[in-house]
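My notes follow in the order I took them.

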Amino acid sequence: MLAVRLVLGKRRPAFSVGLFRGVASKATPRKWTAGKVLLGTTGSMLMGAIGYDGAVNEFETVAGVQRFVRSLAIGISISVDYTWSLWGLDENGPNYERIISQVHQRAADRILNGCLTNGGLYIKIGQGVAAMNHIIPKEYISTLKKLEDKCLPRKPGEVRKLFEQDFGKPPEEVFETFDYTPIAAASLAQVFRGTTKEGQQVAIKVQYADLKKRFNADLRTILFLQDLMALIHKSYNFGWIIRDLRGTLREELDFIHEGRNSERCAEDLRKHDSIYVPKVLWDYTNERVLTAEFIDGCKINDTERLKHLKINLAKLDVALFRAFADQIFRTGFVHADPHPGNVFVRKDPSSGRPQLVLLDHGLYGNLTPEVRANLCRFWEAIVLKDHKEMARFATALNVQDYRTFAEILLQRPLELKSSKLRTRLSEEDLAYMAQQAKEHFDKVMQTLRSMPRNLIFVLRNLNTIRAIAREHGDPVDRPKVMARCALAALRQSSVGLRGFFRSVFRRINFEYQLWKSSFQFWLVSSYLKLLTRLGRSPDTSYLLDVQVDV
């Protein structure tokens, strides 16, 4: 126990007044050094600070320190594990793949546990990592996918307390019914099912009570860890992305802002019958509680269930690509977090046709008309393989390396190497992208930093829908679908009769170039098949170098 000791002299008795002791007692004389006094004073101040934090901040400062120490320890342990396990190991050796897979899994498990325990921004970053299934190892993908909607739920008392603070009464009095068992738990909030006083089934998104208080501290921690990683690994530096977007991330904490985003999204995509955005119930919504109509459906990456429901995955992907391409190229108001937990599939109650339901509208990016126009033309040039035009419009977007920029947007090689037309990437293509990320990391980072900042939201959107399509087996040529949407956006933005005819000509030329390329490939393939049947098949090894339109 802490004690305050009064020393009366070497030969005189000393008394010890112990904490929680009611009487004085004899003690052996003990001389206090300056170090012991300082230690005792520091301990007393620390205990006092902890007590004050508990009384005023509900121990949030203490919890923040714990999250910081935990994150730092996880980062160090992962770094040490990779260094120690791979030290002196030959990448071409027989045991390398087995060992590296084990290290990947241990690292992924540590990150998952750390994100779940820390919550908030850590989970959101983990979700972003999980979408990068074209680059990072499969062990990370399978493990971090659990962050989509399986985050740790909070205690019912926290939800009740928040409602009493914001509405003046518990949720069971605000709603006709309220189920305290969450149906989803994400990075910023839990979602509950309930019924309004009017009898409507609703989904109630309730923010974690401590989220706003911890946001700034967690943001500083994440930036510190990013800077520390960049100090150790010179080429690694993503901290500038978070610094540039911190204001937008903070907007996610305001559910009124999110509700307005969802209404704007619904208005922008009203012509898409295959897209639905749940309606917000404003009488039951404030900054920390968002209430919307309840939608029953399945996640878009639940491929087995979609097949069981006999839903055509190719048509579903086309609807997904067109909706988000419309946002990117036409409206400029881009959903930046369309991970599988935020995109549901249901049967349209009125028509019975499959319908995509877009959820979680907290994070959006805005693109200026100038950026959209240049991006449209750059995307058209990618599909037509017009390198001169790619260079021209990349420069207009402040990007010098148009090839790297194109591959970042596509998340696939600019030229596919194959002996047949296909939409799904081969293992060779995936290996190429992984190699590019590894060997040309500096070039990738330079391209990211030079382009307009809000294109970060576009990249996040594109990368996420690409990951969804990959789980469906890539049944559709995504770049072509989006290029047609880009041309349609240019046509709608054309002014005057001359602009109209110019846009129509661009579309005709675009379709002709695609048809010509496909027809030429068909002719070559048919000729080779004929020679094979006649027993005069030539050496076809050169076909590995045939470039196919993306």
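Entry 1. The model is predicted. I began with D337, which counts as buried because its relative accessibility is 2%, under the 20% cut-off. Its partner is R460: the two form a salt bridge, with the closest N and O atoms 2.7 Å apart. I noted that this pair links distant parts of the chain, 123 residues apart. R460 sits in helix α18 (residues 455-471), and D337 in the loop between β11 (333-335) and β12 (343-347). R460 is partly exposed, with a relative accessible area of 22%.

Entry 2. I then looked up D81 and R106, whose side chains meet in a salt bridge of 2.8 Å, N to O. D81 lies in helix α2 and R106 in helix α3 (residues 96-118), so the pair ties together parts that are 25 residues apart in sequence. D81 counts as buried at 11% relative accessibility, while R106 is partly exposed at 33%. I also found that salt bridges with shared partners join D81, R106 and R110 into one network.

Entry 3. The next pair was K205 and D360, a salt bridge with its closest N and O atoms 3.4 Å apart. K205 is in strand β7 and D360 in the loop between β13 (354-358) and β14 (364-366), 155 residues apart.

Entry 4. I turned to the second largest pocket, which has a volume of about 880 Å³. Its lining consists of 43 residues, and A184, V191, G341, F344 and L359 lie nearest its centre. Among the elements that give two or more residues to this lining are α4 (121-130), β6 (189-195), β7 (201-207) and α10 (255-268). I sorted the lining residues by type and got 21 nonpolar, eight polar and 14 charged.

Entry 5. I76, V80 and W84 make a nonpolar patch of about 380 Å². V80 is placed in helix α2 (residues 60-86), the helix that also holds D81. Is V80 buried, partly exposed or exposed? I recorded V80 as partly exposed because its relative accessible area is 48%, and exposed would need over 50%.

Conventions
Residues are numbered from 1 along each chain as its sequence is written. This is a predicted model: local features need pLDDT of at least 70, side-chain atom pairs count only at pLDDT 80 or more; totals for chains, interfaces and linings use all residues. Side-chain values use heavy atoms; hydrogens and water are left out. On a 1 Å grid over the protein atoms alone, a cavity is a set of points where a 1.4 Å probe fits but cannot get out, and a pocket is an open set with protein on both sides within 12 Å along at least five of seven lines; lining residues have an atom within 4 Å of a point. Grid points are joined across faces, edges and corners, and a volume is the space filled by probe spheres set on the points. Helices (H or I, at least four residues) and strands (E, at least two) are DSSP runs, numbered from the N terminus. Ala, Val, Leu, Ile, Met, Phe, Trp, Tyr, Cys and Pro count as nonpolar, Asp, Glu, Lys and Arg as charged, and the others, Gly among them, as polar. Patches are made of residues with over 30% relative accessible area and no salt bridge: like charges are joined within 9 Å, nonpolar side chains (Val, Leu, Ile, Met, Phe, Trp, Tyr) within 5 Å. Accessible areas come from the Shrake-Rupley method with a 1.4 Å probe; for residues, only the protein chains shown count as cover. A salt bridge is a side-chain nitrogen of Lys or Arg within 4 Å of a carboxyl oxygen of Asp or Glu. Buried means under 20% relative accessible area, exposed over 50%, partly exposed in between (1.4 Å probe, protein chains only).
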